[in-house]
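Me: I am new to this structure and would like to learn how to read its features. Can we take them one at a time, starting with the packing of side chains?

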Amino acid sequence: MEMMSGAEMVVRTLTQLGVKHIFGYPGGAVLDIYDALFEASDIEHILVRHEQAAAHMADGYARATGKVGTVLVTSGPGATNTITGIATAYMDSIPMVVLSGQVATSMIGEDAFQECDMIGCSRPVVKHSFLVKKAEDIPTMIAKAYHIASTGRPGPVVVDLPKDIVNPKESHPYIFPESINMRSYNPTVKGHKGQVKKALQILLAAKKPVLYLGGGAISAECSDLIAAFAERLNLPVTNTLMGLGAFPGEHKQCLGMLGMHGTLEANKTMHNSDVILALGARFDDRVTNNVKKFCPNATILHVDIDPTSISKTVTADVPIVGSVKQVLSDMIDVLDSTGETLDAAALASWWSEIQVWREQKCLSYAKSTDKIKPQQVVEALHRVTKGEAYISSDVGQHQMFAALYHPFNKPRRWINSGGLGTMGFGLPAAMGVKVALPESISVCITGDGSIQMNIQELSTCMQYGIPVKIISLNNQALGMVRQWQDLIYGGRHSHSYMESLPDFVKLVEAYGHVGIRVSDPKDLDEALEKCFSMTDKLVFMDILVDQDEHVYPMQIKFGAMDDMLLGKPKAE
C-alpha cells in the first residue's frame, strides 16, 4: 500500500481524475498542496491575479468543454473571493470543484488568522460541500466532489481542506476509490415511460406547438438529437439565453432567443402556442415576464433532470424527470415504432402565422455614417470569425446584443453568466476557454464597465501566453442601467455614466498586449480583420459605440410574454 502525505494525496487524486488544469492562488493554508503540485508534471496551474477570476476561468473552461473546472485557493479571503464565481456557476448549472484551504482542525471556530467558515459561506450556492477531517478521506471525498459536480444537474462543489490534514510530515495509506456509490445521491436519468408517451401524444395532437430549449439541453450533450427531433416534426424552436446553440441559430426553424430581450417571433410563438415542450429550461423570470399571464392557452410538457426545477415557477401539465438526451431518444424510438406525426395542415397554418411575426424584422436598426452601432460590431465579428469563435460575454447591453445578433450554430460556443448576471465574468471566462481549447478563437465581448472588474487578468494572459481577443463596446456608461433609467426614471442618469475612464489602449499596452481603438464605422471591418490576424497576441479593441443605443425588443414589465417594445417609446 502506497503511503503519502495529505498534500500528495490531493495532487495524486486530481491526476487520477484526469484534471489537466487548475486555476488558483497560493496562501498559507495551501502551501503544502502547492509544494506537492510543484512536482506534478501532468497538471498545469494557472496563477490568477484575483481568486474570483480563478472561479470564472474554471467556469469558462467547463462551459466550453463540459468537463469539471478546478479551483485551488487558500483559506479566509482567498476562499471567500471565489463566492461570486461559485454562485455564477451554481445559477447556470456549471460543473466546478473548488478546493479551499482551511486553518488546522484544532483551530476551527477560534477566529484564527485567515479563518472563515467556507462551508457555511458557500452553502447557499453549491450543489454540495465537504469538510475533510482525516487525510485518509481525501481521495474519496475529492472523487465524490467531481462525481457530484458532473452528474445529474451539474453544479459547483466545495472541498474544504484543513492545513493539518495535508501536513507533508505525516504519511497515510493512499486508496483511490475504484467507483463512487452514494445512497443519498442517485440522479434519475431515464424518464418515466408512461409520462414520455403521454407527453408525445399531447405534442402530436398540437395545432400550435413550440420547442423551448434551456441550458440543460446543452449540458445533456444532445444537440444532434434535438435537431433530428425538431426537423422530423417541423417544430418551431426557441432558446433561452443559456440555451443558445443547442439548436442551430441560422436554421430555418429557429426563432431566436425568447424572453425579456427575445425576438418578437419567439415571444409571440410562445404566447400563442397550444403545447410547449420545454427541455432543460427553468421558466425563469427573464423568460416568463408576468407568470400569471404566461402562455395562457398552452399545455406545458417539462423535461428536466432536476425534479426541483419542474413546476417551480410555472406548473407543468406533464412533468418528466430525466436526462433530456434519454427522454428525447425514447420519444424518437416511439415515433419510429408508430410512424405518427403532427397534423400537416394545422402546422402549415401555424408556420404561416409565425412568418407574419418574422416579417416585422424586429432586429432591424438604423445605421449611422458617423457613429458605430453596437449591433454592427457583433454582426461584423460574426462575419470576420465566420461564426466559429467561442464568445464569452460580460453582462449588460453588450451581452444582449451578442445574444441577438450573433447566431450560434453549435453548442458551448456561447459562454455567459445568465442566472447571476456577473459583471467581470467575460475576460476570465474567455481565458478559461482558451486554456481548455488552445486552437480555438476565444473572444470576450465586454463593456467599459464590466471589463474593469477583472482587468488585472491581462497580467495572467501575458504570463501564460493566453491570446484572447477582447471586443469592448465602449459607451462611457453602464449601458443597461442607463437604458432602464431612460425608460423608467425619466432619463435621470443617477451614477450610470463612467465619467473617468482610462485610456484602454495605453493600459493594455502597459500589460504588454496590443490595443486598437475604433471610432469610425468605416474602419470597423478592417480593424477587426487586423485584430484576428494576430493569432498569437492578445488584442484589446476599444470600440467607441453610440451612447444612446438601446437593446430592443424588450418585454414590457408585468405584461405577458408578447407585450413588447420594439423600439424607443415616442416622446409624449
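Me: Which residues is Phe229 in contact with, leaving aside its neighbours within four places in sequence?

Reply: In soluble globular proteins, nonpolar side chains tend to be buried together. This is a predicted model, and in it Phe229 is in contact with Leu200, Leu203, Leu235, Leu277, Leu328, Met331, Ile332 and Leu335, once neighbours within four places in sequence are set aside.

Me: Which residues touch the most other members of the largest nonpolar core?

Reply: They are Phe229 and Met331, in a core of 59 residues. Helix α13, residues 324–338, supplies the largest share of this core, with seven residues. Another core lies apart from it and has 41 residues, including Ile94, Met118, Val158 and Ala430.

Me: Now the charged residues. How many salt bridges does the structure hold?

Reply: Side chains of opposite charge can pair when their charged atoms come close. The structure holds 20 salt bridges. One of them joins Lys190 and Asp330, with the closest N and O atoms 3.0 Å apart.

Me: Where in the chain do Lys190 and Asp330 lie?

Reply: Lys190 is in the loop between β8 (172–173) and α8 (193–204), while Asp330 is in helix α13. The two are 140 residues apart, and the pair links distant parts of the chain.

Me: Why does Asp330 count as buried?

Reply: The relative accessible area of Asp330 is 13%. Buried means under 20%, so Asp330 falls in that class.

Me: What is the N to O distance between Lys373 and Asp546?

Reply: It is 2.7 Å, and the two side chains meet in a salt bridge.

Me: Are Lys373 and Asp546 buried or exposed?

Reply: Both Lys373 and Asp546 are buried.

Me: Which residue does Arg413 meet in a salt bridge?

Reply: Arg413 meets Glu388, at 3.6 Å from N to O. Arg413 is in the loop between α16 (397–405) and β16 (414–415), and Glu388 in the loop between α15 and β15 (390–393), so parts 25 residues apart in sequence are tied together. Arg413 is buried, at 13% relative accessible area, whereas Glu388 counts as partly exposed, at 37%.

Definitions and conventions: Residues numbered from 1 in each chain as written. Predicted model: local features only at pLDDT ≥ 70, side-chain atom pairs only at ≥ 80, totals over all residues. Heavy atoms only, no water. Core = buried A, V, L, I, M, F, W, Y, C linked by side-chain atoms within 4.5 Å. Buried < 20%, exposed > 50% of the residue type's maximum accessible area, 1.4 Å probe, protein only. Helix = DSSP H or I, 4+ residues; strand = E, 2+ residues; numbered from the N terminus. Contact = heavy atoms within 4.5 Å. Salt bridge = Lys/Arg side-chain N within 4 Å of Asp/Glu carboxyl O.
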